[in-house]
Structure formats: structure tokens, C-alpha cells
Amino acid sequence: MQRPVTRQDFDQWIVPTYAPANFVPVKAEGSTLWDQQGRSYIDFAGGIAVNALGHAHPELQLALQQQAAKLWHTGNGYTNEPVLRLAKQLIDATFADRVFFCNSGAEANEAALKLARKAAVDRGFTQKNGIVAFDHAFHGRTLFTVSAGGQPAYSKDFAPLPAGIAHAPYNDLAAAAALITPQTCAVIVEPVQGEGGVNPATPTFLQGLRELCDRHGALLIFDEVQSGVGRTGSLYAYMHYGVTPDVLTTAKALGGGFPMGAMLTTESLAAHLNVGSHGTTYGGNPLAGAVGGKVLELVNRPEVLAGVKERHQWFVEALQAMDQRLKMFKEIRGLGLLIGCELNQNYRGKAKLINQLAAREGLMILIAGADIVRFAPSLIITQPEVQEGLVRFERACRAVAEGASI
Ligand SMILES: *Cc1c(COP(=O)(O)O)cnc(C)c1O
């Protein structure tokens with residue numbers, strides 16, 4: 001008999017980088033999860049914009065199980081069928097000609113930033129190593145990506161940090177223009193800042209960055225780790241904006257819950273990552289390739305992408321109606337199924353409390369900083385699940401309005 005494990009064990013055995021909710025989910029289907037006690041939760045968190053097709057999707061299960069019975073891993077001394085098929089799907093669906101596979105968003109961004117530096121060096125520009133990034137950006141937790149991120153709290157204790165990275169305020173084209181010079185090798189930007197507060201870029205900002213990058217010979221890198229794979233109602237947010245990057249990073253929903261990331265780029269840039277210049281043991285592993293291929297096939301359909309926009313309306317209309325009653329939000333914003341509710345000044349700092357009370361009501365949500373409640377549910381969440389989840393959300397918000405604490 002195995003010893004039963006509980007939430008309390010986390011506090012003893014796991015490095016305390018996370019503070020998970022006080023229940024332990026054990027199974028899930030669609031957008032509903034159950035904990036060890038059999039209580040149900042509606043999932044508006046989607047594993048942080050990962051479970052794009054909900055939980056236990058029958059076709060994803062089948063793709064994983066069929067591949068699991070055939071071939072798990074070979075290492076990159078050999079290629080495999082699932083990853084080749086996925087690469088072709090990504091190439092056919094996007095601007096890209098070439099794909100580098102890895103296992104996470106941070107790794108995809110790490111590859112993109114390394115590519116930008118190497119492309120400049122290969123072209124003989126040995127001083128062209130500057131990277132321009134944005135305040136409140138989130139690009140991952142490796143030293144390079146956390147340095148490119150715009151939240152000093154996440155990087156300052158790990159100094160010395162990689163040099164040559166400058167930050168401008170997001171959506172401030174003039175500030176970016178002042179930083180982008182001939183010494184800039186790349187500009188990295190999220191088309192919609194996720195962790196940074198659910199802030200969509202303005203079209204003029206992204207268009208302006210494209211022009212600045214072209215003028216100064218810098219690569220425009222779109223970090224679509226959170227905004228990609230249908231999240232905004234377009235397969236990738238760059239399609240929504242009509243601004244094409246040189247490099248795009250994607251992860252999170254790409255594996256639908258199976259760890260997988262990818263960096264997409266053009267033929268000419270890909271050539272800089274020649275044999276031996278970069279790599280990862282698991283990247284493009286057959287299991288990830290099989291699942292990723294099925295995710296992309298199921299998400300990249302007009303009815304699914306249109307469904308994301310329809311669900312956006314369900315959420316926003318219900319949240320606006322709720323706010324008429326509770327008067328808690330300063331703004332409800334976002335694209336597709338990446339939605340943020342910024343709390344007004346009466347409820348500043350209370351996002352975490354709302355999250356905790358939502359869990360008590362049987363609802364999983366996200367926050368983006370202390371003042372923003374964030375939703376990133378499954379792209380195919382059903383209307384009854386949305387309705388029931390919003391009822392639970394209103395109960396949690398009402399409790400906060402009435403002064404509840406945890
Ligand atoms: C989550 C996220 C990352 C990091 O992805 P990991 O898989 O956690 O490494 C990078 N960029 C953005 C925009 C993200 O939302």
C-alpha cells in the first residue's frame with residue numbers, strides 16, 4: 001500500500017517556490033476537476049493557458065496512448081515521424097519556414113535570443129548584441145529570459161545578469177524608438193502581456209516595432225507562449241494584428257498539457273543555428289510531437305477559433321453585468337480567452353484573496369499581479385461550465401465585497 005499524500009506534504013517536501021491552493025486535484029474532464037475529497041472545481045485557469053482543449057480530451061488521450069505504445073524517445077541523433085508532421089503543420093499554418101523544438105516557453109525564448117545574437121555575430125557585427133524588451137514582460141525563468149523579462153523582482157537576486165538588455169514601457173513606441181539602435185540585435189515582445197497584467201499591444205505599437213527593427217536590422221521576436229495556439233481567437237496573435245515577426249516562440253497550449261515548446265523562424269535566420277550550435281535532449285520528442293500535432297489539428301479550425309471569440313463575449317458580458325451589481329472592476333480587458341479584470345481602488349491588492357475564495361467556491365482562476373484577476377480557460381469550455389463558473393466567481397467576489405478573509 002502506498003502512503004496517502006496530502007497538501008500538507010507539499011510544505012515539507014517541495015522547494016517552496018510555489019504556494020499551491022489548499023486542495024489537490026486528482027482527476028479532470030473537460031473544464032471540471034475533482035480533488036481528493038471528490039469536490040468539483042470549474043477550471044477558468046486552464047493550467048495557465050495550457051489546457052487549450054480542456055482536460056482528458058479523448059483525441060489527445062488517443063494520440064498520446066498510440067504514440068506511447070510505439071516510441072517514446074530517441075534523442076536528437078534521430079528524428080521521428082510525429083515531430084516532422086508537427087513541424088509541417090506549423091510551417092503550413094504560419095509565416096515560418098523552420099522550427100526548433102524544445103520543452104517550455106523559457107527554452108523557446110532562450111533559443112530566440114541566442115539566435116538573435118548569433119545571427120548578428122555570423123554577419124560580422126560583433127557589437128550588435130543589444131536586446132530591447134519591455135517593462136512587466138514575462139519571458140520565462142532561465143537567467144537570460146528572466147533578465148529579458150520586465151519584472152526586476154524575479155531577476156535581481158540572481159545577479160550578475162546577462163548584459164545588453166534594455167527595457168522600455170510597454171505600448172510606448174517613442175520610448176522603444178529611443179532604445180533601438182544599430183547595436184540592437186533583437187526586440188522581444190508579447191503581443192498580449194499575460195503575466196504582466198493581460199495587456200494587449202496596440203496595433204500601432206507592434207507595427208512601429210516592426211518598422212524600427214527593419215530600419216536597424218534587428219530581429220522582431222514575438223513571445224506567443226501565452227497568446228498563441230488559438231488563445232486570442234487567431235491561431236497566433238500576430239495574425240490578429242497583421243504584423244509578422246522574424247521569430248515566434250510558442251509553448252504552453254502547444255502541448256495541451258504535455259510539455260512542449262517551439263521557436264518558429266524563417267529559412268535565412270534558421271541557417272544560423274547550424275549543427276551543434278544549440279540543442280536540448282528532449283526537444284521534439286515523439287510523445288510531445290504526437291500530442292502537439294493533435295492539439296494543432298483540433299485548435300486550428302475556423303469553428304474553434306470563432307468559438308473563442310464567442311466565448312470572449314460570454315465572459316465579458318457576464319462580467320460587465322456582474323460589475324453593475326458589485327462595482328469591483330476598473331477595467332475588463334483582453335483578447336479571446338485571455339481575459340483580465342483589473343480591480344478598482346477599493347479592492348486594490350485583493351486578487352489573491354479572490355482567487356482563494358474562488359477555490360473555496362469550487363472555481364480555479366488566475367491572477368496577474370496583485371490587482372488583476374485573470375481567466376485563461378479551455379478554448380472549448382462549454383456554456384454551462386462558463387455559466388456555473390461565473391456564478392461561483394460572483395459568490396467569491398461578493399464575499400470579498402462583504403469583507404471576507406481567508
Ligand atoms: C509562461 C510564459 C513563458 C514561460 O514559459 P515556461 O514554459 O514556463 O518556461 C514565457 N513567455 C510567456 C509570455 C509566458 O506566458
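Start by selecting the four strands of the open sheet, which follow the order S13-S14-S17-S16 with antiparallel pairing. Two strands count as paired if DSSP finds at least two bridges between them, and the elements themselves are DSSP runs numbered from the N terminus, with helices (H or I) of at least four residues and strands (E) of at least two. Strand S13 (329-335) and strand S16 (366-367) are at the edges, each with a single partner strand, so one side of each has no neighbour in the sheet.

Before moving on, a word about what is on your screen: this is a predicted model, in which local features need pLDDT of at least 70 and side-chain atom pairs count only at pLDDT 80 or more, while totals for chains, interfaces and linings use all residues. Residues are numbered from 1 along each chain as its sequence is written, and side-chain values use heavy atoms, with hydrogens and water left out.

Now zoom in on S13 and strand S14 (residues 338-343), which run antiparallel and are joined by six bridges. Pick Glu331, and you will find its bridge partner in S14, Glu342. Next, show helix H12 (residues 302-326), which packs on this sheet and touches S13, S14 and strand S17 (372-375). Contact here means heavy atoms within 4.5 Å. The direction of H12 makes about 180° with that of S13; axes are lines fitted to C-alpha atoms, for helices over the stretch in contact, and angles run from 0 to 180 degrees between N-to-C directions.

Zoom out and colour by domain: domain 1 is 7-57 + 302-401, and domain 2 is 71-299. These bounds come from an automatic or database domain assignment. How many residues of domain 1 are in contact with domain 2? There are 26, and they meet 24 residues of domain 2. The area buried between the domains is about 2100 Å², with carbon and sulfur atoms giving 65%; buried area is the accessible area (1.4 Å probe) that two parts lose on being put together, summed over both. Select Leu305, Leu335 and Leu338, which supply 29% of the area that domain 1 buries against domain 2, more than any other three residues.

Next stop: Lys252, in the loop between strand S11 (247-250) and strand S12 (261-265). The unreviewed UniProt entry annotates Lys252 as "modified residue: N6-(pyridoxal phosphate)lysine". UniProt positions follow the numbering used here, feature names are shortened, and annotations may be inferred rather than shown by experiment. Leaving aside residues up to four places away in sequence, Lys252 touches Ile48, Ala49, Val50, Glu195, Val225, Gln226 and Met260.

Two of those neighbours, Val225 and Gln226, also carry the "binding site" feature in the unreviewed UniProt entry, which includes Gly105 and Phe138 among its positions. Select Gly105 in helix H5 (residues 105-122); at 13% relative accessibility, Gly105 counts as buried. Then try Phe138, in the loop between strand S5 (130-134) and helix H6 (143-148).

Finish at strand S1 (residues 25-29) and strand S2 (residues 32-35), an antiparallel pair with four bridges. They form a hairpin with two residues between them, and Gly30 in the turn has a positive phi of about 60°.

Key: Buried < 20%, exposed > 50% of the residue type's maximum accessible area, 1.4 Å probe, protein only.
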